[in-house]
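Welcome, and please take a moment to look at the chain below before reading on. We will walk through it one region at a time.

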Amino acid sequence: MSHLANGPRSTPDEAPEAGQPPAPSAGPRAAVTMRDIAAAAAVSQSTVSRVLSGVPTKVRIGEETRERVIQASRRLGYRPNPLARGLRGASTNLIGAVVRDFSDPFYAGAVEALVKEAMAHGYNVVIGHVHDHLDAAASLTSVLETRHTDAIILLGDMGAQPQLLADLRASRVPVVALWQGTSPLEFPTVDANDRAGIQTGLAHLTSLGHRRIAFVNAELPNDYRVREHAYLDFMRERFGTVPAGYLERCPNTLAGGDSALRRLLALPEPPTAVATSTDLVAIGVLHAAHSLGATVPERLSVVGFDDILIVSHTVPALTTLRMPIAEVVAHAVRQAVTLARDPEAARTPHLDVFDPALVVRDSTAPPWPAIP
């Protein structure tokens, strides 16, 4: 006999139609439990638990029974409690994301892509913010609580967070890292080929006839210089040297890019083109060029790096290297889900790399006047 048969009798006017949930009552709605679903589907509570957990069982559950449980859970608006599931050792369907810097527009796009990709795999995302001035260990334990997430994804260079890395290294929860920069290779890691991207942008400028090419390097955490070194190597291999003063370093801000260009244009022989290590700095370069009357691209060509959302709407629209965010994130989420679902899967540290793509817009053109 089902639990429904033991409940209080209703009058004909009060009785709900068969298979329908009771009419909502006034006041806050109580959370739907597995017991409620079991009653509505006329099955045991343990059957409901096995169906909704998705865990393989020795005793086969019939498709009709499984479908009845799922339909009842949807009809009643059941929402699993990730905390309770985590305490029981079951999957929480949560992925923890540790983000290095929310102030950088690049990470806004990366987090958005991560949330969409995780949802496509049936997961939600819990976000923790690690900042240079915050205690990373406290952030991990108070925001993510690794035992309540199925996997953790790191976004950004965590080289300055040794306690965070130590905590994750000792955790049973699988970790996948993105854009790790100077961080040691301790987890499966996905990154972009920064060196190839910078050199593709510089090759574009030289194909237009530019020889006097400067570089503005944003000062990123932990002294990350891969993009700067790619510029130096390219210029030395192509032209034999880097003109004095053509390498500028600045904060990764609009103001940093603005100030850097003002110094470059004050040189005795200013550049005809500027490549930058981030789009944020490139937008500052565009602003300074406009203020100084160095029209882009007629008198100055500019190339960015990342392809954040706003650069297709700058004036002029920015030529840049598109960071393969969607590909990097999708690859990382697939790895995280695979590791979460298979405790025996290898977590050996390795690096998978994706190449940025050149996006040519309106900020680059041949030098004027033409340079022989």
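A crossing of two helices is left-handed if the near helix is turned anticlockwise from the far one by less than a right angle, and right-handed if clockwise. Helices (H or I, at least four residues) and strands (E, at least two) are DSSP runs, numbered from the N terminus. What you see is a predicted model, in which local features need pLDDT of at least 70, side-chain atom pairs count only at pLDDT 80 or more, and totals for chains, interfaces and linings use all residues. Residues are numbered from 1 along each chain as its sequence is written, and side-chain values use heavy atoms, with hydrogens and water left out.

Let us begin with the whole chain. Its secondary structure comes to 12 helices and 12 strands. Of its 372 residues, 45% are buried, where buried means under 20% relative accessible area, exposed means over 50%, and partly exposed lies in between (1.4 Å probe, protein chains only). Contact means heavy atoms within 4.5 Å. Among the contacts in the chain with a separation of 6 or more, 71% are between residues 24 or more positions apart.

Now find helix H11, residues 279–292. This helix has 14 residues and reaches 20 Å from its first C-alpha to its last, close to the 20 Å expected at 1.5 Å a residue; the expected span is 1.5 Å times one less than the number of residues. Because 10 of its 14 residues are buried, H11 is largely enclosed by the rest of the structure. Among those buried residues are Leu280, Val281, Ile283 and Leu286. Just after H11, glycine 293 takes a positive phi of about 75 degrees.

Which helix crosses H11 at roughly 50 degrees? That is H10, residues 254–265, whose axis comes within 6 Å of the axis of H11. Axes are lines fitted to C-alpha atoms, for helices over the stretch in contact, and angles run from 0 to 180 degrees between N-to-C directions. H10 and H11 are therefore oblique to each other: angles under 35 degrees count as roughly parallel, over 145 as roughly antiparallel, 65 to 115 as roughly perpendicular and the rest as oblique. H10 passes H11 in a right-handed crossing. On the H10 side, the residues that meet H11 are Leu254, Gly257, Asp258, Leu261, Arg262 and Leu265. The residues of this contact divide into 10 nonpolar, four polar and two charged. Here Ala, Val, Leu, Ile, Met, Phe, Trp, Tyr, Cys and Pro count as nonpolar, Asp, Glu, Lys and Arg as charged, and the others, Gly among them, as polar.

A second pair of helices is H8 (residues 194–207) and H9 (residues 226–239), with axes that come within 8 Å and cross at roughly 40 degrees. That makes H8 oblique to H9, and H8 passes H9 in a right-handed crossing. The residues of the contact of H8 with H9 divide into eight nonpolar, three polar and five charged. Ile198 and Leu202 are among the H8 residues that take part in this contact, and both are also among the buried residues of H8. Just after H8, glycine 209 takes a positive phi of about 110 degrees.

Next, follow the chain beyond H11. In the loop between H11 and strand S9 (301–303) you will find proline 297, which a cis peptide bond joins to valine 296, with omega about 10 degrees.

Threonine 320 lies in strand S10, residues 320–322. At 0% relative accessibility, threonine 320 counts as buried.

Finally, turn to methionine 158, in the loop between strand S3 (151–155) and helix H7 (162–169). Is this residue buried or exposed? At 0% relative accessibility, methionine 158 counts as buried. Methionine 158 and valine 99 are 59 residues apart in sequence and 9.2 Å apart in space, C-alpha to C-alpha.
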